[in-house]
Amino acid sequence: MRNNSVIGWLLAAPLSLVLLVFLVLPIAMIFVVSFWGATEWSIYPAILLDNYEFLLTSDVTYRVFFNTFKYAAITWAFTLLIGFAVAYYLAFHIRSLTWQIALFLLCTIPFLTSNIIRMISWIPFLGRNGIANSTLISMGVIDEPLEWLLFSDFSVILAFVHLYTLFMVVPIFNTMMRIDKSLIEAAADSGATGWQTLRHVIIPLTKSGIMIGTIFVVALVMGDFITVRFMSGSQSANMGRLIQNDIALLQYPSASATAVILLITVLLLIGTLLRFVDIRKEL
Amino acid sequence: MEPRPRSFYVLTAFFVVFLIFLYGPTLTIGILSFQGPGGGLTFPMRGVSLHWFRDLFEQQAVGDIWGSFSRSLVLGLMVMITTVVVSVMGGLAFRKRFAGSALLFYLIIASLVIPSILISLGVGLIWSQSGLPVHWSTSGFGAQLTWTLPFGLLIMFAVFNRFDKSFEEAARDLGASPWQVIRHVVLPIIAPSLIGVALFGFTLSYDEFARTLLTAGSYNTLPLEIFGMTTNVTTPVLFALGTLTTVFSLLVIGVFLLVAWLMNRKRARAGSDAGKGMV
């Protein structure tokens, strides 16, 4: 038994080392630096609560905090609806495994290409003279180009949904594929309608997939800064943007304090979600 | 076969719209990158030309694209190899419970959900406070591993959850040493999934932005370079670059899928004939 542990440790050593140096220590460092002081050009060790005081007494923080949750909630709702529908279609309506794999890959491939490029690619579509506006004008739906298509909350959420729906599709599809098809036949034989089967059989059995997808989407949206910056044209902010702004001004202690608050929020949220699912069992 | 219900047609339409939503914008910039020299960032097309692609190959109005491409390529390969090796070792370790395994598992999940800007900031702070120069091949490399390793390990956990241990028992009964079991039984069986781990390792690194932002130092990787361009380049040269790097990603994905498919086919052909009634 003792020998087992030694082999386990040896095998896990490289992984532990990477996580220690590039995850645990950096987070500890952020925590430490969040109490440091800063001048315009340098930072110095200290134990100050100024950074937190400034952060927690500023209106901006709460507005930005609220914005972060707003983006996460709206994106979650859309990715869940779209992701569930797509996964349901692939799992229950596509009858051959080959087609299931092919269509699943088709959904997965964009995830493996650059997020930045995928954001840039909305510009010709949403811009003032973009495809959406010119189509709507030529159809006579609107007279003036819509200004809120690009560089607005609308475009931010559109980009989030575009980038992250896949993180819902994959885990939900994964759990759906494991549902015993005879359960669905049994429901139908007992006289359940399609909706009743969905509501009372499929959704409860897919819950763990939905949870894992939720964890991914919430973590990615709450931790994001680049999508918000790019798609809102720097007009909206979330916590990540606040951190990035401070970094650009070399105000690392204040960036660290914001980072600590963001980290605690994300970990509390994800920790709560993790109570509803055993990830290792679901893989 | 029973007839298709109405929901099938509704969902098929929905799925097609979803695919258009996924691929439409990328195809649009693909088309727009062939704008004529006088063309702008949106339609109409003012002629069709390779002007903007040519721009990318000239010495350069827009920064060090090819330098950053080669750095991203090398970094991607480094991250890919490390991710495969460390994930396999980690996956093997987690097959048995060991002291600290639960904690390590939570660290892996934490690595996945902690905002990438925090990794960037923390690693950057450690490097700068210890007086080390940040460089894409050291601090950047490690910061990217915190994103690729969790994916690699999740794949390995999934693989080992489905792994039939009787193959190993058979090998051991025939007198194989633990190393021989790994080398000649376990690794060949999990090899196709390693293609998946490698694909994730490479592409996630090649496209990573946030984790390299403060850890790459003065030499940019390609995503950093592209992001820099978005703030000061307003010509379709941006689309041309986007199209090229997307095509490159698609080629990489294609090669990996092809290798996985060939491996599976070879295995199917060389597989056991047990139960097929041949004497």
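In this predicted model, the crossing of helices H3(B) and H6(B) is right-handed. Of the residues that form the contact of H3(B) with H6(B), 14 are nonpolar, 9 polar and 1 charged.

**Helix pair in chain B**
- Helix H3 of chain B covers residues 65–93, and helix H6 of chain B covers residues 136–161.
- The axes of these two helices come within 7 Å and cross at roughly 40°.
- Because of that angle, H3(B) counts as oblique to H6(B); angles under 35 degrees would count as roughly parallel, and 65 to 115 as roughly perpendicular.

**Nonpolar core**
- The largest nonpolar core contains 184 residues.
- Leu90(A) and Leu118(B) are the residues with the most contacts inside this core.

**Chain A overall**
- Chain A has 283 residues, and 54% of them count as buried.
- Its secondary structure includes 15 helices and 2 strands.
- Taken along the principal axes, the C-alpha atoms of chain A fill a box of roughly 75 × 70 × 30 Å.
- Among the contacts in chain A between residues at least 6 apart in sequence, 70% join residues at least 24 apart.

How values were computed:
Residues are numbered from 1 along each chain as its sequence is written. Chains are lettered from A and ligands numbered from 1 in the order in which they are written. This is a predicted model: local features need pLDDT of at least 70, side-chain atom pairs count only at pLDDT 80 or more; totals for chains, interfaces and linings use all residues. Side-chain values use heavy atoms; hydrogens and water are left out. Axes are lines fitted to C-alpha atoms, for helices over the stretch in contact, and angles run from 0 to 180 degrees between N-to-C directions. Helices (H or I, at least four residues) and strands (E, at least two) are DSSP runs, numbered from the N terminus. Angles under 35 degrees count as roughly parallel, over 145 as roughly antiparallel, 65 to 115 as roughly perpendicular and the rest as oblique. A crossing is left-handed if the near helix is turned anticlockwise from the far one by less than a right angle, and right-handed if clockwise. Ala, Val, Leu, Ile, Met, Phe, Trp, Tyr, Cys and Pro count as nonpolar, Asp, Glu, Lys and Arg as charged, and the others, Gly among them, as polar. A nonpolar core is a set of buried Ala, Val, Leu, Ile, Met, Phe, Trp, Tyr and Cys residues joined through side-chain atoms within 4.5 Å. Buried means under 20% relative accessible area, exposed over 50%, partly exposed in between (1.4 Å probe, protein chains only). Contact means heavy atoms within 4.5 Å.
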